[in-house]
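Please look at the sequence and the model together while reading this report.

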Amino acid sequence: MLRVAVPNKGALSEAASEMLSEAGYSTRRGSKTLVHQDEVNGVEFFYLRPRDIAVYVGSGILDAGITGRDLLLESKAEAQEVIGLGFGASRFFYAGVSGSYTSPAQLEGARIATSFPNLVDADLQARGIDAKTVQLDGAIEVSIQLGVADAIADVVETGSTLRAAGLETFGEPLLESEAVLVQRDGAAETIEVLKRRLESVMVARQYVLVDYNIEERLLPQALGLTPGLESPTISPLQETGWVAARVMVESKEVNNVMDRLYAVGARAILVTNIGACRI
């Protein structure tokens, strides 16, 4: 049975469980459940702290897991990133009191509070900056006001918490993070079905099916607008000289594409959401 780690709480937990459900797996019914078996699909899910998932997978105890890229790199575990999963996006920045810093180079000799000391130490070393990291587990933003640190390094989503504390980011992000699927060494074949299912969920979320009718002589113009993921499906209609086309279009572009299709002569343009797919 495949053994997979899932975040038990936090920002990644609900989205990870939702994605697994869309991929056809059964997931736990209550937040207190720590182990759930999906007998039909041959998977055993373990609900763990997001920070611990890479460690369990990297040590070979579990086959795969879903965690954040930032947590994977911070752990220094031997787990391998397989694919990004398209949710839980965040960026990791240095921040300080507004107007106090403009560049990470100014951190020479500073104390930097963070929950990710390994990530920060690696970045400082790469920049050739001699600074001290102060490891804290939470409420990083208040550490400067309390005199524990001169600057901080933390995950930033909207930046509202920083602004409320009178802080601002500076420099380029240390890391662009998102939820990722990780695997133990040598598990590529073992988790192939899981990987393919999660990839299919991302495609289903990103695309819709568009059907339309058009005169055959106008088809080249329409196909220029809707080349499809691989190739459109074209079928003859009962009316001579007309065809039906079915094609995948990115959801975010579909209304613009429909307008352009209509302008070149397409009619009966229909859009259908994709519930599941295998590409």
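## Helix α6

The expected span of a helix is 1.5 Å times one less than its number of residues, and helices (H or I, at least four residues) and strands (E, at least two) are DSSP runs, numbered from the N terminus. Helix α6 covers residues 192-206, and its 15 residues should therefore span 21 Å, which agrees with the 21 Å between its end C-alpha atoms.

This is a predicted model, in which local features need pLDDT of at least 70 and side-chain atom pairs count only at pLDDT 80 or more, while totals for chains, interfaces and linings use all residues. Residues are numbered from 1 along each chain as its sequence is written, and side-chain values use heavy atoms, with hydrogens and water left out.

Which residues of α6 are buried? With buried meaning under 20% relative accessible area, exposed over 50%, and partly exposed in between (1.4 Å probe, protein chains only), the buried residues of α6 are Leu-194, Arg-197, Leu-198, Ser-200, Val-201, Val-203 and Ala-204. An α-helix has 3.6 residues a turn, so residues three or four places apart point the same way.

## The whole chain

The secondary structure of the chain comes to eight helices and 15 strands. Its radius of gyration is 24 Å, well over the 19 Å that the globule rule gives for 279 residues, so the chain is more spread out than a compact globule; this radius is taken over C-alpha atoms, and the globule rule is 2.2 Å times the number of residues to the power 0.38. Along its principal axes, the C-alpha trace spans about 80 × 50 × 35 Å.

Buried residues make up 45% of the 279 residues in the chain. Where contact means heavy atoms within 4.5 Å, residues 24 or more positions apart account for 69% of the contacts with a separation of 6 or more.

## The annotated domain

An unreviewed UniProt entry carries the annotation "domain: ATP phosphoribosyltransferase catalytic" for residues 49-199, and such annotations may be inferred rather than shown by experiment, with positions given in the numbering used here and feature names shortened. This span is 26% helix and 32% strand, and its end C-alpha atoms lie 24 Å apart.

## Two loop residues with positive phi

Lys-76, a residue other than glycine, has a positive phi near 60°. Lys-76 lies in the loop between α3 (69-75) and β5 (80-84), and it counts as exposed because its relative accessibility is 62%.

Ala-139 is not a glycine either, yet its phi is positive at about 50°. Ala-139 lies in the loop between β8 (132-135) and β9 (151-156), and with a relative accessible area of 54% it is exposed.
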